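Reader: I would like to learn how to read this structure. Please take me through some of its features one by one.

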Amino acid sequence: MSDYKISTNCLHAGYRPENGQPRNFPIVQSTTFRYETSEAMGKLFDLEASGYFYTRLQNPTNDYTAAKICALEGGTAAMLTSSGQAANFYAVFNIASCGDHVVASSAIYGGTYNLFAVTMKRMGIEFTFVEPDCSEAELEAAFRPNTKAVFGETVANPALSVLDIEKFANAAHAHGVPLIVDNTFPTPINCRPFEWGADIVTHSTTKYMDGHANAVGGAIVDSGKFDWAKYPDKFAGLCTPDESYHGVTYTERFGLEGAFITKCTAQLMRDFGAIPAPMNAYLLNVGLETLPLRMAKHCENALAVAKFLKDHPKVAWVRFPGLEGDSQYELAKKYMPNGTCGVVSFGVKGGRKAAETFMAGLTLASIATHVADAKTCVLHPASATHRQMNDAELAAAGISPDLVRFSVGIEDVRDLIADIENALSAV
Ligand code: PLP
């Protein structure tokens, strides 16, 4: 399937029905699978035979969808998780544990920042956060002997800064560690981080991939390119026998192409269990089928909205990486020449109060704690997700009190602009 173009793979990768089989893959809504002998089951536990035995570890429906996402990103192995949070946690925890250190871009989703800076810190993993536009020397200075990975978001939520993937990948590789990129906002339709040197890609599939606000989910994809075996001391979990899994050495048994995802499944999914319901994997697959059409429309609509906002007298500033003149435009053109995503951030003149008045005046766009969906949704972080912060704290978090995060959907853009114009007239 990988020889096909990405739009074809969105429809066909991951599952090919045999003669007389259902055209859509089945929802295998079963926790468990039957075997005729204990010996046959035992071989599965020893990883000597492949087959399904318990859905927390693997399920055919989940695997079909994971295989499709793997093909879209151009990876060698992939797995689904029950949320984007779980995907980012697993991706990092699969190679970093107590006493280790990770370098991360400071421009990342707030939930991921909290996961790293608070929860994983409590697990003994230290993070150093660097500005995405830091100099190479500043990036270099963030590394420590115990650094195990570098992390960033292709297009950050909600800052909308673009990660210089090559810069971060080069620095990571110079220190013998992989670059993990959360590719949620552009999706592989607009950016394939492996082509720029990233080693592991994660997703909150809850966003554009599902696209219809149907199912929370996540995914992890391995490029198969990072040579763990070159640094056996640093990545001992991948390169030495896992006594918790029958003494298997993942790099030896599964090669570079399969070691990371097999370990993540056999250890982390086994122990933490953040598996998606097969029904959710099925819904995600339905979303993936139309992803290229929706991404093109999201980007086209968002650019029209950004241009309208830029010229409006009641708008203080606009941030959209696809807008000429935006500080991120050049990077966006390099990494995402066909478009970035559908999210636009802007400030309403008059600060927090004006932003609230604007939001109250919208009728078509829904106020929702959600983003990257077919239906336009909008959030004022200062009065919602970041409500507990005063203006000084907001500034430290890079969120101005007037910031409105506008997730442009695939409606007729004339209706969206009319809605925005009407709401701004009340400000
Ligand atoms: N990564 C990014 C870029 C996100 O925007 C989000 C959620 O908004 C997440 C990860 C977390 O994903 P989820 O909400 O599916 O757990």
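**Strands, helices and domains**

Author: Take a bridge first: in β12, V378 has F406 as its bridge partner. Helices (H or I, at least four residues) and strands (E, at least two) are DSSP runs, numbered from the N terminus. This is a predicted model, in which local features need pLDDT of at least 70, side-chain atom pairs count only at pLDDT 80 or more, and totals for chains, interfaces and linings use all residues. Residues are numbered from 1 along each chain as its sequence is written, and side-chain values use heavy atoms, with hydrogens and water left out.

Reader: How many bridges join β11 to β12?

Author: Strands of a sheet pair through backbone hydrogen bonds, either parallel or antiparallel. Here β11 (residues 377-379) and β12 (residues 403-407) run antiparallel and are joined by 3 bridges. Two strands pair if DSSP finds at least two bridges between them.

Reader: In which order do the strands of the open sheet lie?

Author: The order of the 5 strands is β8-β9-β12-β11-β10, with mixed pairing. At the edges are β8 (315-319) and β10 (366-367), each of which pairs on one side only.

Reader: At what angle do the axes of α11 and α12 cross?

Author: Two packed helices are described by the angle between their axes and the distance between the axes. The axes of α11 (residues 278-289) and α12 (residues 291-310) cross at roughly 60° and come within 5 Å. That makes α11 oblique to α12. Axes are lines fitted to C-alpha atoms, for helices over the stretch in contact, and angles run from 0 to 180 degrees between N-to-C directions. Angles under 35 degrees count as roughly parallel, over 145 as roughly antiparallel, 65 to 115 as roughly perpendicular and the rest as oblique.

Reader: Which residues of α11 and α12 meet?

Author: From α11, G287, L288 and E289 meet L291, P292 and R294 of α12; contact means heavy atoms within 4.5 Å.

Reader: What area is buried between domain 1 and domain 2?

Author: The size of an interface is often given as the accessible area lost when the parts come together. Domain 1 (6-286) and domain 2 (292-425) have bounds from an automatic or database domain assignment. Between them about 2,500 Å² is buried, counted as the accessible area (1.4 Å probe) that two parts lose on being put together, summed over both. In domain 1, L160, N190 and Y208 lose the most area to domain 2.
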